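Dear colleague,

Please find the structure below, handed over for your review. The notes that follow it set out what was found.

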Amino acid sequence: MTATTTPDLSRAAAELRELLGDRLLRPADADYPPATRVWNGAVDRAPALVVRCRDADEVAGVLRVARRHRVPLSVRAGGHDWAGRALRDDGLVLDLTGMRDVEVDPAAATVTVAGGATAGDVVAALRPYDLVVATGVVRAVGMAGLTLAGGYGPLCGRHGLALDNLLAAEVVLADGRRVTAGPEHETELFWALRGGGGNFGVVTRLTYRAHRLPAALAGMVMFALDEAVDVLRGYRDLVADAPDELTVMAGFLPGPAGEPLVFVCPVHSGDDPAAGRRYVERIRALGTPLVDQVAPLPYEDVLRMFDGGMVDGNHYLLRTRWLPGLTDQAVAVLVDAARRVGSPYSAIALHHFHGAASRVGAGDTAFGLRADHLLAEVIAVWAPGDEPGPQREWAERTSAALAPHALPGGYPNLLAPEETDRVRLAYGDNWARLRRAKHRYDPTAVFSAVPTLPATTGGR
């Protein structure tokens, strides 16, 4: 690094101390270790500075200091990216986790959330009004991160991805300017934010369309591994004719003794309970259920179903494929992977993309795949101190075996930082426009978020 690009951390720290006081953290500070720890224990990064911001003005001030003193940075909102891109070695972490305000407008059926709010924060605030927003499946995940690159979840069929429900976003650009992006202002930035991730600025507020849903018929039905082929084939038939109101996950989760079980998780958000029950009966008939827990649930409790699946501090590696459907060959790959799993924590999830999400035009947002499909998520997990090699190999082998049955690219929120070729394929015809937006709003590549966009210029 030349003298003209060497970060001046000392001066940056002095100015940040004046701006933020004890909300600037350095490695010697007592609060530094928890501030640089994320849920994935495999992530081990050592930032030089951590700044805990309270509002957009402070975010703007921090960005100006970082720019003036050439300090590289990362942004931590929910901090749930498995690869740990919220933390940057030797850089500055702009921490939004204290910015978790949620403002509900029940008359307008909208909700505005601060940049560090989690899905759990939002659904809890909406629950008294019988309102919901489209989220992912885990309450601890940050709304900003899951929205900006996609947001598959239980309401995908009825209300689309999380990003399809975004109405406006307040963004602080790299030079400290604050702008609001929406259908009538900064429209190109608004287009890019809906799928392109946090690669254009720091998103400090997001406004969403909310939907009335007092309860959903939802739960978990689990079967023994030796019934997995029949269950997954039946799942294939079920999702092929599922209405918008029914979105169904499936896959493999550890059982009580760590043994892999095949699961089917329906969420029926329609107004006709009898219709939902008919689909649940179809699921029960796929085999002999070992677990059968389906009932009307508030949406907040729907998300609680996966609270225990991802334990903070365990080590994680994720791989992902987009499947156009579940062919018999893909079923065989998935069942073989479940039989070979060597960890009592690892899992495979299939997320159902259909309905409202598939009726959005391919060029209407930056998100690149609008055809019906299944998102396969291969989750390798091992305890701290365990040998990572076998679990990493299991995930890589499973991903490679699924590749011949998969679509190009993959879900950008789950792709590894080094998988930039697959990121490009994921955006398809939207890639050139997305790169132009990156060059327009962040020409010096200050922001490197999920997905990782290569630091090029222009439309290349």
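In this structure, R422 forms a salt bridge with E419 (a salt bridge being a side-chain nitrogen of Lys or Arg within 4 Å of a carboxyl oxygen of Asp or Glu), and the closest N and O atoms of the pair are 2.9 Å apart. Both R422 and E419 are buried; here buried means under 20% relative accessible area, exposed over 50%, and partly exposed in between, with a 1.4 Å probe and protein chains only. Salt bridges with shared partners also join R127, E300, D301 and R304 into one network.

Please note that this is a predicted model, in which local features need pLDDT of at least 70 and side-chain atom pairs count only at pLDDT 80 or more, while totals for chains, interfaces and linings use all residues. Residues are numbered from 1 along each chain as its sequence is written, and side-chain values use heavy atoms, with hydrogens and water left out.

Salt bridges

The structure holds 30 salt bridges in total. One of them joins the side chains of R100 and D121, at 2.8 Å from N to O. This pair links distant parts of the chain, 21 residues apart: R100 lies in the loop between β4 (92-95) and β5 (102-105), and D121 in helix α4 (residues 119-126). Helices (H or I, at least four residues) and strands (E, at least two) are DSSP runs, numbered from the N terminus. R100 is partly exposed, with a relative accessible area of 39%, and D121 is partly exposed at 21%.

A salt bridge also brings together the side chains of R205 and E103, at 3.3 Å from N to O. Because R205 belongs to strand β10 (residues 202-209) and E103 to strand β5, the pair ties together parts that are 102 residues apart in sequence. R205 is partly exposed, with a relative accessible area of 28%; E103 is also partly exposed, with 45%.

Packing of α8 and α11

Helix α8 (residues 228-240) packs with helix α11 (residues 328-340) at an angle of about 135°, and their axes are 10 Å apart. Axes are lines fitted to C-alpha atoms, for helices over the stretch in contact, and angles run from 0 to 180 degrees between N-to-C directions. The two helices are therefore oblique to each other; angles under 35 degrees count as roughly parallel, over 145 as roughly antiparallel, 65 to 115 as roughly perpendicular and the rest as oblique.

On the α8 side, A228, V229, L232, R233 and R236 meet D328, V331, L334 and V335 of α11, contact meaning heavy atoms within 4.5 Å. The residues of this contact divide into 6 nonpolar, no polar and 3 charged. Ala, Val, Leu, Ile, Met, Phe, Trp, Tyr, Cys and Pro count as nonpolar, Asp, Glu, Lys and Arg as charged, and the others, Gly among them, as polar.

Helix α7

Helix α7 (residues 187-196) is largely enclosed by the rest of the structure, because 8 of its 10 residues are buried. These are L189, F190, W191, A192, L193, R194, G195 and G196. The elements covering them include α5 (143-149), β8 (166-172), β9 (178-181), β10, α13 (420-427) and α14 (431-441). After α7 comes G197, which has a positive phi near 75°.

The loop at D272

D272 is found in the loop between β14 (260-268) and α9 (273-284), and counts as partly exposed at 39% relative accessibility. Its C-alpha atom is separated by 9.7 Å from that of E245, 27 residues apart along the chain.

With kind regards
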